[in-house]
Amino acid sequence: MLVRTRKIIDDAGADVVLATAEADAKERGARVVIAIVDPSGELIELRRTPGAQIASSRVAVDKARTAAIFVRPSRELEEQVTGGRLGALALHGARALTGGIPLRAGEEVVGAIGTSGETPDEDEAISIAGAAADFSTAEVPALTYEGARTVAEAAGAIAAERGVAPMIAVVDAGGELLYLLRPDTAQVASVQVSVDKARTAAIYRRPSKDFEDQASGGRPSALHLARAVPLQGGMPILHDGEVIGAIGVSGASSADEDQELATIGAQALSGAANGHARFFSGDDLRRKLETGGLLLETRGYKIDAGRREAPGAPELHEREVDVMHVLEGRATVVTGGEIRGEKLEGGERRELHEGDVLAIPNGVPHQFTDVSDPFLYFVVKVET
């Protein structure tokens, strides 16, 4: 299974939990801050009762986040520390402070509540009251380990074919690592960079290249965006139009190739998950034909928006079959024969015009010897 369904607390559910906890706090005469977070520990809603101390705003979020990401009451971590296990203070993302309670739908943690402002026991009691509310949830798609591996290996396979060995990281929708592909010859520095790129694409729901373009295009303040890195090579992974994770690539031959490989990996899931087909609109194709280039590259096939403005060198694909459909213009193509330098000698010459289709088997040399400006064609390259 590449994509699964999971539950998270929704906005209406968060409102109910907050209202229940607030009512309990008022009954107690407690002055507190109450925070609701999602399963990744990110804030959904926060409420402060009259007279609550300012510092409690951040502490309440810390408690809720701890309960969410460790899938247990935050009291358990405080008890470990109090009992002598000081190493628990080093747990990443944890705050060993009583008052955070996971929100559960059945056995699944769908978020958490944290309360701060009174004694630890009172804070926790208010959170427990909120967690007991009958709150609503939403079902959302989530990337699985198998799906993350499919994405990473699709990009990794293309990278290997090209003779490059980048680090490839895949994260979930909250930006947390799911799968890391590390070739033996990958540079060590790229381990964290690939994760940073993927996290940026996941939590901002856009390619990390957007931030690099902003920073280099006159908006250096983009460097201050929380948890973002302005480096291209991170791409969101979509399922039915919703971001379910992201892939980050670092250490290929160039930043542009990092970006291209990340795009290939992100697209791999779209084609594989639940048998979903890939769709490219006529507008998509026209835009790509303005420069020419790949629409899709997977381990089994590629779809190319071809554009030629001049003759080309001889080509021979050992493992690819080209199926070409001419969209605009004309060209003379030679197939078969023998490659000698920059020429193809012998072979069969054909004139291609709009609407023609040409299939070139793998192992057959071919060359465009004369083309109009432009010559536009759509080609599917199938690996055999």
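**View 1. Leucine 261 and its contacts across the sequence.** Setting aside neighbours within four places in sequence, leucine 261 is in contact (heavy atoms within 4.5 Å) with Ala155, Ile158, Ala159, Arg162, Val164, Pro166, Val249 and Ala252. Please keep in mind that this is a predicted model, where local features need pLDDT of at least 70, side-chain atom pairs count only at pLDDT 80 or more, and totals for chains, interfaces and linings use all residues. Residues are numbered from 1 along each chain as its sequence is written, and side-chain values use heavy atoms, with hydrogens and water left out.

**View 2. The largest nonpolar core and a second one.** A nonpolar core here is a set of buried Ala, Val, Leu, Ile, Met, Phe, Trp, Tyr and Cys residues joined through side-chain atoms within 4.5 Å. Buried stands for under 20% relative accessible area, exposed for over 50%, and partly exposed for anything in between, using a 1.4 Å probe and protein chains only. The largest core has 24 residues, and those touching the most other members are Leu143, Val170, Ile237, Ile247, Leu261 and Leu269. Two or more residues each come from helix 5 (145–162), strand 7 (167–172), strand 9 (234–239), strand 10 (242–250) and helix 8 (255–272). Helices (H or I, at least four residues) and strands (E, at least two) are DSSP runs numbered from the N terminus. Helix 5 is the biggest contributor to this core, giving six residues. A second, separate core has 17 residues, among them Ala25, Val32, Ile34 and Ile101.

**View 3. Helix 1 and its buried face.** Helix 1 covers residues 11–28, and its 18 residues should span 26 Å at 1.5 Å a residue, which agrees with the 26 Å between its end C-alpha atoms; the expected span is 1.5 Å times one less than the number of residues. Buried in this helix are Gly13, Ala14, Val17, Leu18, Ala21, Glu22, Asp24 and Ala25. Down the helix axis these buried residues fall within an arc of 165°, so they line one face of helix 1; the arc is taken over the directions from the helix axis to the C-beta atoms. On the other side, Lys26 and Glu27 are exposed. The packing partners of the buried residues are strand 1 (3–9), strand 2 (33–37), strand 3 (43–48), strand 4 (100–105), strand 5 (108–116) and helix 4 (120–131). Just after the helix, glycine 29 has a positive phi of about 70°.

View 4. The buried ones are Ser190, Ser194, Val195, Asp196, Lys197, Ala198, Arg199, Thr200, Ala201 and Ala202. Helix 6 (residues 190–203) reaches 20 Å from its first C-alpha to its last, close to the 20 Å expected at 1.5 Å a residue. Arginine 205, just after this helix, takes a positive phi of about 60°.

**View 5. Aromatic pairs.** The structure holds five aromatic pairs, counted when ring centres of Phe, Tyr or Trp (its six-membered ring) lie within 6.5 Å; planes under 30 degrees apart are stacked, over 60 edge-to-face, and the rest tilted. Tyrosine 145 and tyrosine 179 make an edge-to-face pair, 5.5 Å centre to centre with 65° between the planes. Tyrosine 145 lies in helix 5 and tyrosine 179 in strand 8 (residues 177–181), so this pair ties together parts 34 residues apart in sequence. Tyrosine 145 is partly exposed at 48% relative accessibility, whereas tyrosine 179 is buried at 12%. Phenylalanine 368 and phenylalanine 375 form a tilted pair, 5.8 Å centre to centre and 55° between the planes. Ring pairs link Phe368, Phe375 and Tyr377 into a cluster.
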